[in-house]
Amino acid sequence: MTEIVRLNKFLAERLGISRREADNAIAAGKVTIDGATAELGARIEVGTDDGGSGIDKNPNVCYNGKMVPSEAAYLYVALNKPRGVVCSRKSQGGEPTVYDLLPEEYRELKTVGRLDKDSSGLILLTNDGDFAFRMTHPRFTKTKIYEVELDRALEPLHQQEIADFGIEIGDGVSKLGLAKLDETRKKWQVTMHEGRNRQIRRTFGALGYTVVELKRMQFGAYRLDGLEEGGYTEVKAV
């Protein structure tokens with residue numbers, strides 16, 4: 001059977017981009033339908049007719065001159081990002097990017113959220129825009145677990161402030177779950193359910209501590225589970 005869908009949705013699902021990005025591409029004249037430049041708000045018919053003839057109703061949609069696949073082929077990759085590697089497509093000041101660690105077939109995937117350059121651990125990549133949205137939007141609570149090392153022992157009072165009351169960090173109060181990993185009180189397991197920019201570093205920094213190591217061990221249902229540094233593996237959407 002066939003379905004009428006908006007062109008921006010069709011592009012978003014197959015290219016792993018947002019609908020806004022798809023609209024921008026259409027407005028810029030980068031998208032064609034059967035050779036004709038597409039217009040904003042265009043709709044297309046996809047699937048086969050329900051009369052059993054098997055006629056393909058999918059038009060030839062091209063983006064930047066390349067055919068867009070008629071069926072969405074989603075990929076999900078888990079990567080153990082090393083410290084010093086950035087989560088961007090373009091190198092910044094010569095630093096390596098996560099895409100330098102991946103083979104060609106994964107280089108069109110987008111990162112699901114980010115880890116800053118000085119952090120390491122689990123990062124997810126996909127071409128499934130809906131999956132990325134569900135993993136990162138605040139209304140879908142996703143537990144994130146990190147191993148953190150501080151420059152000095154965390155005082156018990158500060159531990160209580162962070163875990164029980166929260167710390168004001170400029171864009172709201174940050175409250176983190178804390179579990180001691182050793183007797184030095186420098187190493188902690190940190191659990192959080194939001195993802196504000198550099199939130200863990202800013203939370204400890206507000207109390208005078210410096211985070212010297214930060215490694216993400218879990219993101220939602222996904223765990224690092226012994227994946228070697230710089231290593232990657234395909235995973236399933238859950």
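**Notebook: aromatic rings and nonpolar cores**

I started from Phe204 in this predicted model, and, leaving aside its neighbours within four places in sequence, I found Phe204 in contact with Val148, Leu150, Leu154, Ile162, Leu176, Leu178, Val190, Tyr209 and Val211.

I then looked up the largest nonpolar core, which has 30 residues, and noted that Phe204 is listed with Leu125, Val148, Val190 and Ile200 as the residues with the most contacts inside it. The elements that give two or more residues to this core are S7, strand S9 (120-126), strand S10 (144-150), strand S14 (187-192), helix H5 (199-205) and strand S15 (211-219). Apart from this core I found another, of 16 residues, among them Ile26, Ile44, Val46 and Val68. I wrote beside this entry that in soluble globular proteins nonpolar side chains tend to be buried together.

Next I followed S14 to its partner strand, S13 (residues 177-180), and saw that the two run antiparallel and are joined by 4 bridges. One of the bridge pairs I checked was Gly177, whose partner in S14 is Thr191. S13 and S14 form a hairpin with 6 residues between them, and in the turn I noted Arg185, which has a positive phi of about 65°.

I turned to the aromatic rings and counted 4 aromatic pairs. Why is the pair of Tyr106 and Tyr232 called edge-to-face? The ring centres of Tyr106 and Tyr232 are 5.9 Å apart and their planes stand at 80°, and planes over 60 degrees apart count as edge-to-face. This pair links distant parts of the chain, 126 residues apart, with Tyr106 in the loop between strand S7 (76-81) and strand S8 (110-111) and Tyr232 in strand S17 (residues 232-234).

Phe133 is partly exposed, with a relative accessible area of 38%, and Phe140 counts as partly exposed at 27%. I recorded too that Tyr76, Phe131 and Tyr222 form one aromatic cluster.

Last, I looked for charges over rings. The charged end of Arg89 sits over the ring of Tyr99, 4.4 Å from the ring centre, and Lys144 lies over the face of Phe219, at 5.1 Å from the centre of that ring.

Notes:
Residues numbered from 1 in each chain as written. Predicted model: local features only at pLDDT ≥ 70, side-chain atom pairs only at ≥ 80, totals over all residues. Heavy atoms only, no water. Phe/Tyr/Trp six-rings, centres within 6.5 Å; stacked < 30°, edge-to-face > 60°. Buried < 20%, exposed > 50% of the residue type's maximum accessible area, 1.4 Å probe, protein only. Lys NZ or Arg CZ within 6 Å of the ring centre and 35° of its normal. Core = buried A, V, L, I, M, F, W, Y, C linked by side-chain atoms within 4.5 Å. Contact = heavy atoms within 4.5 Å. Pairing = 2+ DSSP bridges.
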